[in-house]
Amino acid sequence: VLKLFKLLHRTRQEVFKNDTRALEAARQKINEEFKNNQNETSEEKINELLKIASDVEVILRTSVIQAVHTDSDKI
């Protein structure tokens, strides 16, 4: 669980690099979700939550695009 928690935060830092608002929002959401489920004892539910977290990490890494504003008419 801790390994996946750290992986999500590392992915967040890479994906949202230089975007402080997105970095903070992602940090809060990751922490909130793990905190809300920290007392879960059902092995089945834990495995389901880990699968969801793993899927989120893959989606962040492969599907999020950060645009950079370079000029008044260009991104």
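1. A residue counts as exposed when its relative accessible area is over 50%, as buried when it is under 20%, and as partly exposed in between. By that rule Asn 18 is exposed, because its relative accessible area is 76%. Asn 18 sits in the loop between H1 and H2. The backbone there deserves a look: Asn 18 is not a glycine, yet its phi is positive, at about 70°. Most residues other than glycine have a negative phi.

2. The model is predicted. Mean pLDDT over the protein chain is 90, and 97% of the residues score at least 70.

3. Lys 17 belongs to the loop between H1 and H2. With a relative accessibility of 57%, Lys 17 also counts as exposed. From Lys 17 to Glu 40 the C-alpha distance is 32 Å, for a separation of 23 residues in sequence.

4. Helix H1 consists of 14 residues and spans 20 Å between its first and last C-alpha, close to the 20 Å expected at 1.5 Å a residue. Its buried residues are Leu 4, Leu 8, His 9, Thr 11, Arg 12 and Val 15. Viewed down the axis of H1, these fall within an arc of 160°, so they line one face of the helix. An α-helix has 3.6 residues a turn, so residues three or four places apart point the same way. The buried residues of H1 pack against H2 and helix H3 (43-63). On the face turned away from the buried side, H1 carries the exposed residues Leu 2, Lys 3 and Glu 14.

5. Leaving aside residues up to four places away in sequence, His 9 touches Arg 27, Ile 30 and Asn 31.

6. Helix H3 has 21 residues, and its first and last C-alpha atoms are 30 Å apart, close to the 30 Å expected at 1.5 Å a residue. The buried residues of H3 are Ala 53, Glu 57 and Leu 60. Down the axis of H3 they fall within an arc of 65°, so they line one face of the helix. The cover over these buried residues includes H1 and H2. Exposed residues Glu 44, Lys 51 and Thr 62 are carried on the face of H3 turned away from its buried side.

7. How many aromatic pairs does the structure hold? There is one. The ring centres of Phe 5 and Phe 34 are 5.0 Å apart and the planes meet at 75°, so the pair is edge-to-face, the cut-off for that class being over 60 degrees. The pair links distant parts of the chain, with Phe 5 in helix H1 (residues 2-15) and Phe 34 in helix H2 (residues 20-36), 29 residues apart.

8. On annotation, an unreviewed UniProt entry assigns residues 1-54 to "domain: Complex 1 LYR protein". In the model, the span of residues 1-54 is 80% helix and 0% strand, and its end C-alpha atoms lie 10 Å apart.

Methods:
Residues are numbered from 1 along each chain as its sequence is written. This is a predicted model: local features need pLDDT of at least 70, side-chain atom pairs count only at pLDDT 80 or more; totals for chains, interfaces and linings use all residues. Side-chain values use heavy atoms; hydrogens and water are left out. Rings of Phe, Tyr and Trp (its six-membered ring) pair if their centres lie within 6.5 Å; planes under 30 degrees apart count as stacked, over 60 as edge-to-face and the rest as tilted. Helices (H or I, at least four residues) and strands (E, at least two) are DSSP runs, numbered from the N terminus. UniProt positions are given in the numbering used here, feature names are shortened, and annotations may be inferred rather than shown by experiment. The expected span of a helix is 1.5 Å times one less than its number of residues. Buried means under 20% relative accessible area, exposed over 50%, partly exposed in between (1.4 Å probe, protein chains only). The arc is that of the directions from the helix axis to the C-beta atoms. Contact means heavy atoms within 4.5 Å. pLDDT is the predictor's confidence in each residue, from 0 to 100.
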